[in-house]
Amino acid sequence: MGAAAVAVIRLRNPPVNALSLTALQALEDGLKRADADPSVKAVMICGENGKFSAGADIRGFSSPKRHGIALGPIISLIEKSEKPVVAAIEGIALGGGLEVALGCHYRIAHVKARMGLPEVTIGLLPGAQGTQRLPRLIGVPAALDIITTGRHIPATEALKLGLVDEVVEENTVEAAIRLANKVIGQPLGPRRLSLKPVPKLPNMEAFLREALVKVKKQAHGCLAPELCFQAVKAATEQTFADGVRKEQELFNILLTSGQAQALQYAFFAERAVQKWTTPSGASWKSASPQPIHKAAVIGLGTMGRGIVTSLVKANIPVVALEQNLEYLNMGRKAVMLLLEREAMKMEQGAQTLRFHNPARLQFTVDFDVLQDVDLVIEAVFENMALKKEIFQKISRICKPGAFLCTNTSALNIDEIASATRCPQQVIGTHFFSPAHVMRLLEIIYGLHTSATAIATAMQLAKALKKVGVVVGNCFGFVGNRMMFPYVQQAVFLLEEGSRPEAIDQVLEDFGFKIGPFRMSDLAGLDVGWRSRKGQGLTGASLPPGTPARQRHGHRYSPLPDLLCENGRFGQKTGKGWYQYEKAGGRTAKPDPWLHNFLAQYRDTHHIKTRFIDQEEILERCLFPLMNEGFDILAEGIASGPEHLDVIYINGYGWPKHRGGPMFHASTIGLPRVLAKLQKYSEAHPDVPGLRPSAFLKKLVAMGNPPLKDWMSYLSRQSNKL
Ligand SMILES: CC(C)(COP(=O)(O)OP(=O)(O)OC[C@H]1O[C@@H](n2cnc3c(N)ncnc32)[C@H](O)[C@@H]1OP(=O)(O)O)[C@@H](O)C(=O)NCCC(=O)NCCSC(=O)C[C@@H](O)CCCCCCCCCCCCC(=O)O
């Protein structure tokens, strides 16, 4: 039989062949034409430009045109076809794309293709019969894993699981046409997944019970994983048709849950921040990144070690530098341990060998070794004088054109750049701890930072598999600046009558991975103490006679300073806001000592203890954080609310299914946020963080516009930069 007997249906909707209304219609038309044409003996479905399909058009879920359109019936049509249908999977087959392939009678994939059902990551479940076909094909444990995690699996793993029939290194489309020709006339019944039983397990009930516990534990309040589980469970208990009905019912619950909207917003926000611009007109469109062939990291403390590990993992040769041999050896040991753990996680012994290659990872105390690096990341103590000294030195030693990055979490980039001869090469790269794990990289441009430096830092973030977010220069930048009023309120709530465990619980129930006090104990209370001493807020430089609970006329809580004075630095000392089993312990237990200490503190300062309910805890912590966000937007420090949200989701453990703080503000409604801030501000007039931002007030006055329109309400003149 010649190749002409195989009809080719090509999914075409660049850049990822998402299944839009038009694409779905074209698929259905193509199938019906092939079915009706007696000269067609088989069908091959592939995607345009080397990509099968990324699934349903996500933007379509909020489109009114979507109603009544379904992919499932089209997939049934494929499966019912009397002519064999072969899927040729190149690039990606995700979500609805993979569901189309599961409807086909045969699947052939390119060796570099990736497959998955990532609907759970955008708050949904596979809603085109995927939850019913996949367990029938590869069994319940593997299907449950793929559907509840949304992970992408490589073609080789797909072959092992039986998800695809063949993996090829050559032209997949040609191979699929060959396969289609070969199977013409063979019985299709055994190839129709809807007719297959779900493979049995010796103890399905016990397996599902345990799996549910695991799914719930990992969900952190996100609804989709559990509903994905329910859909797969239905496949084990019901007929295919009933299972599909259950899948639809659960899909609709998720679609209207609000979490799906938040997660889809987060998906597009992450892509939007890649298209960075600055108020001076620099932009991703015109700036080109420079290649980084070799990098250096100065300082091998906690941050430096993580950054070195991250660079090595990205296969970028690194020079790791410390001030003396003692610190260098300590740093070297710690880095090697991290790399070994990473290699174990990657389960590739070969990686270990490459990590240990001395030509790619060099430890030194000699600054002259930095002469040929393309980029330096300084990761020493948060001390301006020290940082300036280092920048002065490296700007003399490094080759012209080398990028000089500082891993500061709050300090002024322009002041650091002023110590160099090349301020255009200086840029802030704020990593988050642990730096080899956390996805966020806050990229801070100064007054003189070049567009090339920004583009290069963004490219570096991508190479390190991180999300880079470009922001302007101000104390604390975006993330920490918004964090200050949040933490401040949490401590004020302790003064007024609450306890660390009560406050942490409310915020963890909201979805934060870790509440503010557990976070503070983990990070170390001494970090903030040192910074406050540096700012003259506490310690020897505090002018005599300063009231204990006031600084510069505003409310101040000395509680964290008092804890530090008592040697309570958090986990590292075994005591902080909680008590731990030992120094370095990780299990936080409420501490009666602290409860007594708080009671005495309130007595000393004549603070009347009151009961503070969950609503007040949540609002007092979250609303000032959002409020600061509105000020940041008004000052032009970030170019849109999506930037703030991406920073909070990827760097501060904000629950992704709540879309980020600014998205959350928009879902609560800005008038409500404003009214509550006004109420709390009246009750606490000495707390500037509770005073509503002028931009928030303006947006409310303009009728609470949708988040995507907020920035259009900012006049150019109000942009500081
Ligand atoms: C695919 C990726 C892995 C690619 O990653 P990469 O890093 O290479 O590139 P980007 O992430 O930057 O993406 C490039 C570009 O493409 C946009 N995009 C990607 N995927 C989609 C998508 N699925 N829909 C829309 N747009 C998409 C992305 O935004 C970028 O564009 P930008 O302008 O922002 O730069 C990676 O992108 C990825 O992981 N994508 C998501 C994959 C995914 O989650 N798939 C699941 C989708 S949900 C699904 O399939 C549900 C089904 O189970 C059930 C569906 C039943 C109902 C079907 C009804 C459909 C109705 C549609 C109605 C439409 C109305 C209309 O046409 O008007």
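**Figure 1. Surroundings of G95 in the predicted model.** Apart from residues up to four places away in sequence, G95 touches G55, G116, L117, P118 and E119, where contact means heavy atoms within 4.5 Å. The model is predicted: local features need pLDDT of at least 70, side-chain atom pairs count only at pLDDT 80 or more, and totals for chains, interfaces and linings use all residues. Residues are numbered from 1 along each chain as its sequence is written, and side-chain values use heavy atoms, with hydrogens and water left out. G95 sits in the loop between β4 (92-94) and α3 (96-103); helices (H or I, at least four residues) and strands (E, at least two) are DSSP runs numbered from the N terminus. With a relative accessible area of 4%, G95 is buried (buried: under 20% relative accessible area, 1.4 Å probe, protein chains only).

**Figure 2. L370 in the largest nonpolar core.** This core has 101 residues, of which L370 and I394 touch the most other members. Its largest share, ten residues, is supplied by helix α24 (residues 614-634). A nonpolar core is a set of buried Ala, Val, Leu, Ile, Met, Phe, Trp, Tyr and Cys residues joined through side-chain atoms within 4.5 Å. Leaving aside neighbours within four places in sequence, the contacts of L370 are A296, I298, V319, L321, I394, I397 and C398. A second, separate core of 67 residues includes C104, V164, L193 and A224.

**Figure 3. The second largest pocket, between domain 1 and domain 4.** Domain 1 (3-257) and domain 4 (614-715) both contribute lining residues, so the pocket lies between them; the domain bounds come from an automatic or database domain assignment. The C-alpha centres of these two domains lie 40 Å apart. A pocket is an open set of points on a 1 Å grid over the protein atoms alone, where a 1.4 Å probe fits, with protein on both sides within 12 Å along at least five of seven lines; lining residues have an atom within 4 Å of a point. The volume is about 590 Å³, taken as the space filled by probe spheres set on grid points joined across faces, edges and corners.

**Figure 4. Lining of the second largest pocket.** Among the 18 lining residues, S62, Q261, Y265, F663 and K708 lie nearest the centre. Two or more residues each come from α11 (259-272) and α26 (661-668), and α11 gives the largest share, six residues.

Conventions
Buried < 20%, exposed > 50% of the residue type's maximum accessible area, 1.4 Å probe, protein only.
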